[in-house]
Amino acid sequence: MPSADPILPPPSPEAAEHSRRLAAHIAAAILDEGDWIPFSRFMELALYAQGLGYYAAGSRKFGVEGDFVTAPEISPMFARCLAMQAEQVLKAVGGDILELGPGSGVLAADLYGELKAAGAAPPRYLLLEVSPELRERQRARIAERFPDDLERFVWLDRLPEKLRGFVVANEVLDVVPFSLVRRTGNGLLERGVILTEAGFAWDDAPMPDGELKRRAAAVFPPGEYEYLSEIGLAAEALVRTVAHSLEAGVALFIDYGFPEREYYHPQRSMGTLRCHYRHRFHGDPFFLPGLQDITAHVDFTAMARAGEQGGAEVFGFTTQAYFLISCGLAVLVSEGDPNMTLSRLKATSAVHRLINPSEMGELFKVLALGRGIDAPLLGFQSARHIAL
Ligand SMILES: C[S@@+](CC[C@H](N)C(=O)[O-])C[C@H]1O[C@@H](n2cnc3c(N)ncnc32)[C@H](O)[C@@H]1O
């Protein structure tokens with residue numbers, strides 16, 4: 001997890017030039033689209049504009065030399081625990097694994113490797129990745145680790161209509177473009193972006209009647225005081241579609257976030273938008289477009305509801321710490337070679353980051369949606385269920 005630090009390191013001249021090109025591309029879109037774009041459109045362009053957006057171009061992103069570190073990058077124990085859960089699901093319903101947003105490909109490689117070692121490799125490991133640059137990175141990593149199994153890995157352009165097996169999306173919902181809604185004394189406004197002489201600037205516009213307005217009115221805390229927050233309708237649509245496709249199996253969505261009552265808490269009156277740049281975080285999405293990630297916490301109540309609308313059942317919702325421990329983390333850690341003291345210590349401290357309540361353990365949650373499985377899921381058996 002990065003730290004909040006107002007002093008942000010300057011980019012290299014090439015990176016700064018890249019960012020200027022993306023900023024010009026977004027500026028042209030604003031002019032083309034009526035001099036105002038909703039924040040969700042700004043975010044879509046900043047992260048995914050072809051060849052330029054943060055996820056679509058070649059910056060490092062993941063790991064120590066990138067902007068942030070995710071759980072599968074921190075410790076292979078994350079994938080080992082997921083493999084225990086995946087094995088249970090695949091034994092029950094058969095089918096494939098589908099990973100959404102596989103990033104650097106480390107989870108795909110480690111998860112497949114664990115299942116293969118256990119004699120439980122799925123016939124196909126499907127990967128749905130919107131970024132062509134990341135697809136290439138994933139392919140290279142997997143080709144190096146499993147040159148003889150490469151044909152089992154299939155990159156998809158869209159979600160399959162029917163799906164059976166185990167689906168996992170780690171830190172994907174938080175980067176799906178979301179809307180910003182602001183409540184003022186004069187009602188609800190959608191926060192958008194305009195172009196000024198000084199660059200991009202916020203501009204709040206009245207909202208037409210529709211789902212965004214209805215939702216904000218329903219979830220914002222009562223009162224007329226200033227309140228700003230995010231609403232992730234596109235992430236909900238993604239979850240709904242996954243749930244709809246899933247004939248039998250389980251989909252796990254792992255991310256930082258809260259249930260609705262905590263998300264739209266009166267004290268969280270400035271929302272949760274957060275930008276990640278070289279292991280620092282801050283709240284300015286206009287800073288160096290293309291060189292930083294833009295995210296928000298996930299409203300898991302909304303995601304669970306979307307899953308149910310898609311026809312799936314909620315099988316569990318708990319913290320990452322409880323999920324990993326319930327999958328057998330403690331036993332897996334104790335299996336290491338006791339003589340390799342230094343590497344063991346390093347491995348233990350990485351695991352600690354995954355479950356420590358002040359790091360990823362409490363803030364990160366695991367939501368399981370599924371169909372066609374009767375037995376309780378391994379990762380939620382002894383876990384503390386959180387009310388959605
Ligand atoms: C924060 S990264 C997480 C990467 C990886 N899951 C991990 O844990 O290291 C988000 C990933 O989701 C991908 N992504 C974003 N929106 C997506 C969508 N709608 N469908 C599939 N992948 C998406 C990004 O390109 C990126 O690979």
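Predicted model: local features only at pLDDT ≥ 70, side-chain atom pairs only at ≥ 80, totals over all residues.

**Loop residues with positive phi**

R278 is placed in the loop between β12 (274-277) and β13 (280-282).

- The phi angle of R278 is near 45 degrees, a positive value in a residue other than glycine.
- Most residues other than glycine have a negative phi.
- D35 is found in the loop between α1 and β2 (37-38).
- For D35, phi is near 70 degrees, again a positive value in a residue other than glycine.
- D35 is exposed, because it has 11 other C-beta atoms within 10 Å and the limit for exposed is 12 or fewer.

**Helices α1 and α2**

- Two packed helices are described by the angle between their axes and the distance between the axes.
- Helix α1 spans residues 13-32 and helix α2 spans residues 39-48; they pack at an angle of about 150 degrees, and their axes are 10 Å apart.
- Since angles over 145 degrees count as roughly antiparallel, α1 and α2 are therefore roughly antiparallel to each other.
- The two helices α1 and α2 cross in a right-handed sense.
- From α1, residues H25, I26 and A29 meet F42, L45 and A46 of α2.
- Sorted by class, this contact of α1 with α2 has 5 nonpolar residues, 1 polar residue and no charged residues.

**Helices α4 and α5**

- Helix α4 (residues 76-93) packs with helix α5 (residues 106-117) at an angle of about 55 degrees, with the axes 8 Å apart.
- The helices α4 and α5 are therefore oblique to each other.
- The crossing of α4 with α5 is right-handed.
- On the α4 side, the contact is made by P76, A79, R80, L82, A83, A86 and E87, and on the α5 side by L107, D110, L111, E114 and L115.
- By class, the contact of α4 with α5 comprises 8 nonpolar, no polar and 4 charged residues.

**Surroundings of the ligand**

- There are 21 residues around the ligand, of which Y55, T70, G101, G103 and N170 come nearest.
- The shell around the ligand divides into 13 nonpolar, 5 polar and 3 charged residues.

Terms used. Residues numbered from 1 in each chain as written. Near = placed C-beta within 6 Å. Nonpolar A, V, L, I, M, F, W, Y, C, P; charged D, E, K, R; others polar. Axes fitted to C-alpha atoms, helices over the stretch in contact; angles between N-to-C directions. Helix = DSSP H or I, 4+ residues; strand = E, 2+ residues; numbered from the N terminus. Parallel < 35°, antiparallel > 145°, perpendicular 65-115°, else oblique. Left-handed = near helix turned anticlockwise from the far one by under 90°. Contact = placed C-beta atoms within 7 Å. Buried ≥ 20, exposed ≤ 12 C-beta atoms within 10 Å, placed from the backbone.
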